[in-house]
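Student: I am new to this structure and would like to learn how to read it with you, one feature at a time.

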Amino acid sequence: MSLKKPHAPRLSAYFGVFAALMAFTTLTVWAAYQHLGVWNTPLALAIAVTKALLVALIFMHLRYSPKLTAFVVAASIFWLALLIIITVSDYLTRPWLPIYGR
Amino acid sequence: MADAAQAVAPEAPRELRHHFVDLEAQKEASALGMWIFLVTEVLFFGGMFTAYVVYRAAYRRAFEGASNLLDIRLGAFNTAVLILSSLTMALAVWAASHGRRKLIVLFLFFTILLGSTFLGVKVIEYKQKFDHHEVPGAHFVVPEGLPRQSEMFFSLYFCMTGLHALHMIIGVGLLSWLVAKARRGEFTRRYNTPVEMVGLYWHFVDIVWIFLFPLLYLLGRHTL
Amino acid sequence: MTNESRRENYLNVRYGVKSWLLTTDHKRIAILYLIGVTFFFAIGGIFAGLIRLELLTPPGDVFQSETYNKLFTTHGVMMIFFFMIPGIPGVLGNFLIPLMIGAKDVAFPRLNLLSWYLYIIGGLTALWAVVHGGVDTGWTFYTPYSTVYSNDWVVVTAVGIFIAGFSSILTGLNFLVTIHTMRAPGMTWMRMPLFCWGMYATGIIQILGTPVIAITLLLVAAERLFYLGIFNPAQGGDPVLFQHLFWFYSHPAVYIMILPAMAVISELVTAFSRKPIFGYKFIAASSIAIAVLSFLVWGHHMFVSGQSVYAGLVFSIISFMVAIPSAIKVFNWTATLYRGSVSYQTPLLYALGFIGLFTFGGLTGLFLAALGLDIHVHDTYFIVAHFHYIMVGGTIMGYLGGLHFWWPKISGKLYPELWSRVSAWVIFIGFNLTFFPQFILGYLGMPRRYHAYPPEFQVLNVMSTAGASILGVGYVIPLVYFIWSMRYGKDAADNPWGATGLEWQTPSPPPTENFPTTPVVTGKPYDYLTAGEKEVAVG
């Protein structure tokens, strides 16, 4: 119903996204070999999220879709976060309880 | 649906199913349905990602060591292949929305080719793992110098990439179905929903790999 | 009337098995579901009967303990995955959602048919495992028992549930898209019947939760087949992780079962008290709130599993919070009944039964959400009684109430009023006699899932078994008169209850296309004011 916005990106946008995705892939491989301490994984994930966003926004036309679609996507990420964060919170807090003799 | 056809006004387009007002409403419903389906896919893979997070935190050294046994060149190559296939898929959708029949077929064909390449490389990788007894189960041999829980890494590796590969196989099947339809000239400027929907699916499978690649192949490289 | 009954409708438009098995009409698919869920309900019911038979006497004298394990597993699997979850959405949801929002069909009719086939295939797969020896893990499939020690039919059952899970996902998806995109002109969200709101909330849970159980059961199957050890402590796996993943779905699944029943009750209460529903917005919002909260409380099934007590504390608090939207619903229903012109017809009898039994089940749920008390009653008959009050006293009451309410629309026939009232009372009495003693048994410490028990528990167990027999009779009566009414029942008028809602503005039974012309909605739902009150309202 709300198709007042442009329907789809220009053709050049696709090639731009492709180039960016390749560049990020190279970057993430390079970064994996660097000694960044605890930051290796967060950086890798940040790059992955950026790549995923590019794919979703341009290739999947999320940017040009109704708000409802964005809401649906947000819901999926939110629920995935619930699953992971709540489960992990159990594991993280297990050692908090002092057990005598341990 | 014989009687249903009568209910539709005579000038209604062939592709319009009887219970929709017009093609636009029909497409909107399809798109929403597809996105909701992708939500379920996110949570489907999400169960395994949760297991991954929990065990990786528990067995960090085993995971890093086992990850370094994966072939990063093949992994990176496959990542590039999949990204390229996403581009050709996006171009196929573009061609479909412009009613360019030959271009649709061409781009879909490239996408199938790249998808198959990915699967072929995956077969090579799996074979290496079998040869090195790195497949979890009865014949698993704990790699030298690694903790026993490296088996857990490979369990998750096979479950996650295996399920991803299954999605790729389904995707290739869907693309072949699209090629057949496109060659019959079924997609026009006005009606190209199937191409767009399969496109969404294909890009989603690509996104899953975008996460799998660093989480499985790259996590221990800095320790080398 | 006779002339009208010969008019073409969705039932007589075409005949033959093929016209049913290949139909894409949401109304016919609803009938297919009705047959399916009745079949699996009967199977689950028979197994329940066998369980109660064994528990009639203290020693395990009818079945061996292994057989008994298979009995309660099959009872649970059949009832939960193949009756409760597809029940109300499959039958009433399919039939009513397009009618209520003024659409010709659901958004994806062929997908809808596929859902039914997946459901039947999944159910038969699970049944196949039962016939060939059966599964003894309980419906929860806890690891490592299910992955290492139990028999291989676990895999088959898991696959059956996996397939049925996809059916559930596709149904939820279909309903969400239908409600979003197929509403008739003027049918805004705030004019939508509360039944649709309830089904919408159910759909949210179905699409967000079900994939997680699908992958979990797939991992269990893979673990059995390939010795992976993801949940096996011997290989570094954590069984509690299985429980997390399992309950991430299976707790919200409880709300997949109860939300549709609540949705039905909202319709029944307002129709039979001749009053607009009290607090429409609150009931609608509480459905969504329940759907969201349901995903935050799963750990209350794991208080004694070795889960962190801090996580347990948070799960406990949020579990208490679920009481808020649930209570909002109950208060609004009772407020609707208050000073209404209540007519105690069969659907309302079921609805009143629901309100009472659900409140009881809900309040005992608070006992179980309390960290300390739960340790005392965990895995006892207290919890068995609690969830049967919700599932049987809640969901089945809602399902039967809805089936009676819309039966004239579905079949075009009236059921016999006297017999239906009798059955409603028989079910209510039988139910309470079955399950109330189980609260006491559990509180006294009788554990669930054992085929033998100390002799001092016998009196209460005999009461429970006697109640189960009455309950069984209560379920057979409607089955008989519904079938009877299809042939011998009086023809139903288009709107036999004088209810509002678009579904009552079409003929009974409706034509294939539902409405001769697309309806236009101009006002709020549940416009039950009498003519005099309307004048006042206008003036």
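Student: How many of the residues in chain B are buried?
Tutor: A residue counts as buried if 20 or more other C-beta atoms, placed from the backbone, lie within 10 Å of its own, and in chain B buried residues make up 51% of the 224 residues. This is a predicted model, in which local features need pLDDT of at least 70, side-chain atom pairs count only at pLDDT 80 or more, and totals for chains, interfaces and linings use all residues. Residues are numbered from 1 along each chain as its sequence is written, while chains are lettered from A and ligands numbered from 1 in the order in which they are written.

Student: What pLDDT does chain B average?
Tutor: pLDDT is the predictor's confidence in each residue, from 0 to 100; chain B averages 92, and 95% of its residues score at least 70. Over residues 1-9 of chain B, however, pLDDT stays under 50.

Student: How many helices and strands does chain B have?
Tutor: Helices (H or I, at least four residues) and strands (E, at least two) are DSSP runs, numbered from the N terminus, and chain B has seven helices and zero strands.

Student: How many residues of chain A are in contact with chain B?
Tutor: Two residues are in contact if their C-beta atoms, placed from the backbone, lie within 7 Å, and here 39 residues of chain A are in contact with 34 residues of chain B. The largest share of that side of chain A, 13 residues, comes from α3(A).

Key: A residue is buried if 20 or more other C-beta atoms lie within 10 Å of its own, exposed if 12 or fewer, and partly exposed in between; C-beta atoms are placed from the backbone.
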